[in-house]
Amino acid sequence: MSFLGYPRPDGTVGTRNYVLVIPQGLIAKSIGDFVAGVRTIQTVDHGSGRTANDRERIARVLIGLGRNPNVASVIVHAASPGVGYPELKAERLADEIAASGKKVEVIDPVKDGGVYGAIAKGMQLARMMVYEASKLRRVEVEDKHLCLGVKCGYSDTTSGIAGNPAIGYLFDKVVGAGGIAFFGETTEIIGAEHSLAKRAANPQVAKAILDAVAYREAAAKSTGLDIRTINPIPANIKGGLSSLEEKSLGAIHKAGTSPIQGVLQYGERPKGKGLYFVDCWMGSYSIFAGYAAAGANLVMFQLGGGGLTGRELMEGSPSIVAPFLWCTANPKTYQMAKDNIDFYSGSVIMDGEDPQEAGERLYRTVIDIASGTLSRSETLLHTDPIDLCLEEPRF
Amino acid sequence: MAAKRALIMHPKDNVATTVEELQPGDQVRTAGGGEVHSLAAVEAIPFGFKIALEAIPQGAVIVKYGETIGKAGRPIAKGALVHIHNLEGTRARGDLERREKR
C-alpha cells in the first residue's frame, strides 16, 4: 500500500512539512509564536555542566530533528555565540543538517543585532521558508518510506494481550515492506531479553541486546531498591501487572516478529532498514523526540490505562515533528478518553476480533495519518516540554 | 449462569488473564493457548488481573506468555488472584541483592 508524502532531497519521505527552529530558547520560541507552521523543541537541557557524551547526545537529537523527513527547512540560532560547547555550536548543527540537502539558515544575536535582531531576522527567514515549503505537494509513495517509533505506557494487561500485538502486526508489515521501525525502553525488556536476542540479525546484535539489559539491570540493582517500587509504575500494578518481567514480556509484543537489525543509542540514526531496538529510558517526554531524531516520521503511544482514573486530556506531541498517535486496547480507557484515541483494539478482547484484522485496521489508520489526516493530538496547539534522555552525571 | 472468560497466552501458562470481573464462586472458562480450563474463582478478581489455573506452591515459577514472570511468594490456591501480594518478581531486585550482601 502507498501513502501521500513529501519527498526530501536525501530520499526520505515526510508525512508532515514543517520548518524547524533549534535549539530551544527565547529566540526559537518567539519565532514559533509568530510564524505559522514552525516547530521548535522545548527542553530546559541545553548542555551546561554536561559531559561530552551527553552534550553529543543533545547535539544528535537537534541534528536528527533537523534531518527528520517531516522537516522541510531549518533555522539554527547560535544559543551561546562564541562561548558555547563545541558539540553544540550552531555552525556544526547547521552543517550536519544541511548535509541532508535541506535548506538551513543560521541566525546569531552577535552578528544580527542582539536577541531582538536575531528574532526579527529569524521571523523573516521562517516566513519565507514556510511559504516555500507550502509549495511542495504530497505525492504517492510506497509504505517502505514509513519510519515508525512506538512506546507502550500506563501499560496494563490489555497492552500485552491486544494493544501491543496490533502494533507488532503493523511493525511486521512495514518492516516487511522495506520500512524502518523503532522500539526501545531497556528497563522494559528485562525478563524478555532472551527472546529478543534470539531474533537478532547476527550475534553482535544479540550481544548488544543482552549487554544493554545487563547494564541497565546492574544500575537498577545498585539502587538497593525493589524495582517494583519504581517500575512497574503504580498505574501498571493497578492495571493488573505484577512484576517487571510480566510487563516486559507483554511489552515486546509491540516489536512484532521481524529480525532485530541493531541496537541504537538515543537519537541515533539507523544505517539500514528494518526493526531496531533503541537503548533508552521509557520516559514519554523523551523517547519520542529520540525516535524523531533517529528519523521516525510517525510515532505511537500504546496506552493501557487500566490503572488510570482520569485521562481526558493527554500529552501534546512530545515527538516535536512526527505525528503522534494514541492507541489503546482497554475499553475503559477508550471510553474515558475517546476523543484522544486514534486507534482502539479492545475489540480483540471484548468482541473476539481477529488480532490480525485489528493490525490491518491500525495499518490503515497509520497510512491515513501519514497521508495528512491529523492525529488527535495534532488538533491541539499544546505541546509539552520534553526532557532529553541523557545518561551521565552533571557537574 | 454462563462461565466467565479468562485468556491464556501460552499452553505452558499457569495463570490466565480475566477479561470480566470475577466474584468468589464465579465459574471461569479459559480461552486462548492450549487446553480449556474450567475452574471457580475463590475470590474477587478485577478485569485484566490474573487467576491461578492450578495450585502453585511457594517458590514455584509463575508462567505467562510461556515465560517466567516471577515466583510464588506464598502458596497460591487454584482460582485465586495472582498479583503483587503473592507473586515475587525476580529481576532487577536491588533489595534482594542488598540482603544477599549482608
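Okay, A:Ala292. Setting aside its neighbours within four places in sequence, A:Ala292 is in contact with A:Leu65, A:Asn68, A:Val299, A:Ser319, A:Ile320, A:Val321 and A:Ala322. Contact here means C-beta atoms, placed from the backbone, within 7 Å.

Quick housekeeping: this is a predicted model, where local features need pLDDT of at least 70 and side-chain atom pairs count only at pLDDT 80 or more, while totals for chains, interfaces and linings use all residues. Residues are numbered from 1 along each chain as its sequence is written, and chains are lettered from A and ligands numbered from 1 in the order in which they are written.

So what does the largest nonpolar core look like? It has 147 residues, and A:Leu148 and A:Ala292 have the most contacts inside it. A core is a set of buried Ala, Val, Leu, Ile, Met, Phe, Trp, Tyr and Cys residues joined through C-beta atoms within 7 Å; buried means 20 or more other C-beta atoms within 10 Å of a residue's own, again placed from the backbone. Helix α5 of chain A, residues 157-176, gives the most to this core, nine residues. Helices are DSSP runs of H or I, at least four residues, and strands are E runs of at least two, numbered from the N terminus.

And why does this core lie between the domains? Because domain 1 (18-135) and domain 2 (142-379) of chain A both give residues to it. Those bounds come from an automatic or database domain assignment.

The C-alpha centres of domain 1 and domain 2 of chain A are 29 Å apart. Their contact takes 13 residues from domain 1 of chain A and 14 residues from domain 2 of chain A. On the domain 1 side, α2(A) brings the largest share, five residues.

Technical notes:
Contact = placed C-beta atoms within 7 Å. Buried ≥ 20, exposed ≤ 12 C-beta atoms within 10 Å, placed from the backbone.
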